[in-house]
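This briefing describes the fold, the aromatic contacts and the strand pairing of the protein shown below. Please read it alongside the sequence and the coordinates.

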Amino acid sequence: AIVTLFNSRQRNIYKELLIKALKIDEQKNIIQETESRYKEFFNQDLTGDYYCTAEGKLIDCNPAFSKILGFGSPEDLIGRNVVDFYKNPAERQQFLDLIQKEKNLKEFEITLQNVEGNEIICLENVVGRFDENNNLTDYFGYIYDITQKRNNENELLNKNQLLSSVMETQQELICRFLPDTTLTFVNKAYGNFFGKCIRDWE
């Protein structure tokens, strides 16, 4: 004799439960894969990504963030207060006032100092999160170091200012012109020789 373990109704219920269990497992796998991709992106991102409380306590950050501040790994930074890395404490308050007002900031320039005390100029993009009373609770964003870029710009500006100063003190006639002979620059001696001020040549 053949013993039937499940009747028809029981088999249908069993199938439904099995399908639901498989769907749950599938959803769990999708969530785990998504979290894995996000974590990989977070860790490999070249910008310094971070998440911290309104008081400044660092909840999480990626390796790039810790590298910008001169630390070996995120674990060396997590739990510390980012306020400690502001060169000017007043700039920190300005940041908080702005994010409270604007809710998010784009390319906000800040001056930090790394673990060795060296100045770092960064641009920061931030999104704030607020409670039901519209008070800032925490925020997340990313920074990128523009110190070298700013130093290069300042160096170029100084060189141009020096060159301009040298040209203005020269007695020789100095000018710059386009292929069609349109003058784009003349020094003071050039203008004096032709009886015109520099503005007349512009």
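Along the sequence, the order of elements is α-β-β-α-α-β-β-β-α-β-β-α-α, which amounts to six helices and seven strands. Helices (H or I, at least four residues) and strands (E, at least two) are DSSP runs, numbered from the N terminus. This is a predicted model, in which local features need pLDDT of at least 70 and side-chain atom pairs count only at pLDDT 80 or more, while totals for chains, interfaces and linings use all residues. Residues are numbered from 1 along each chain as its sequence is written, and side-chain values use heavy atoms, with hydrogens and water left out.

- Of the 202 residues in the protein, 28% are buried; buried means under 20% relative accessible area, exposed over 50%, and partly exposed in between (1.4 Å probe, protein chains only).
- The accessible surface of the protein is about 14,500 Å², and carbon and sulfur atoms account for 54% of that area. Accessible areas come from the Shrake-Rupley method with a 1.4 Å probe, and for residues only the protein chains shown count as cover.
- Of the contacts between residues at least 6 apart in sequence, 38% join residues at least 24 apart, where contact means heavy atoms within 4.5 Å.

**Aromatic pairs and a charge over a ring**

- The whole structure contains six aromatic pairs. Rings of Phe, Tyr and Trp (its six-membered ring) pair if their centres lie within 6.5 Å; planes under 30 degrees apart count as stacked, over 60 as edge-to-face and the rest as tilted.
- The pair of phenylalanine 71 and phenylalanine 85 is edge-to-face, because the ring centres are 5.7 Å apart and the planes stand at 90°.
- Both phenylalanine 71 and phenylalanine 85 lie in the loop between helix 2 (63-68) and helix 3 (89-102), so their pair ties together parts that are 14 residues apart in sequence.
- Phenylalanine 71 and phenylalanine 85 are buried.
- Tyrosine 142 and tyrosine 144 form a stacked pair, with 6.4 Å from centre to centre and 25° between the planes.
- Tyrosine 142 is partly exposed at a relative accessible area of 33%, and tyrosine 144 is partly exposed at 26%.
- Tyr50, Phe65, Phe95, Phe108 and Tyr139 are linked into a cluster by ring pairs.
- The charged end of lysine 103 sits over the ring of phenylalanine 130, at 4.2 Å from the ring centre; the criterion is NZ of Lys or CZ of Arg within 6 Å of the ring centre and within 35 degrees of the ring normal.

**Strand 1 and its partners**

- Five of the six residues of strand 1 (residues 48-53) are buried.
- Strand 1 pairs with strand 5 (residues 136-145) in the antiparallel sense over six bridges, and glycine 48 stands opposite isoleucine 143 in strand 5. Two strands pair if DSSP finds at least two bridges between them.
- Strand 1 also runs antiparallel to strand 2 (residues 58-61), joined by three bridges, with tyrosine 50 opposite cysteine 61.
- These two strands, strand 1 and strand 2, form a hairpin with four residues between them, and glycine 56 in the turn has a positive phi of about 105°.

**Isoleucine 121**

- Isoleucine 121 lies in strand 4 (residues 119-130) and is buried at 10% relative accessibility.
- Beyond residues up to four places away in sequence, isoleucine 121 touches Glu109, Ile110, Tyr144, Asp145, Ile146, Thr147 and Arg150.
- The C-alpha atoms of isoleucine 121 and isoleucine 143 are 9.7 Å apart, and the two residues are 22 residues apart in sequence.
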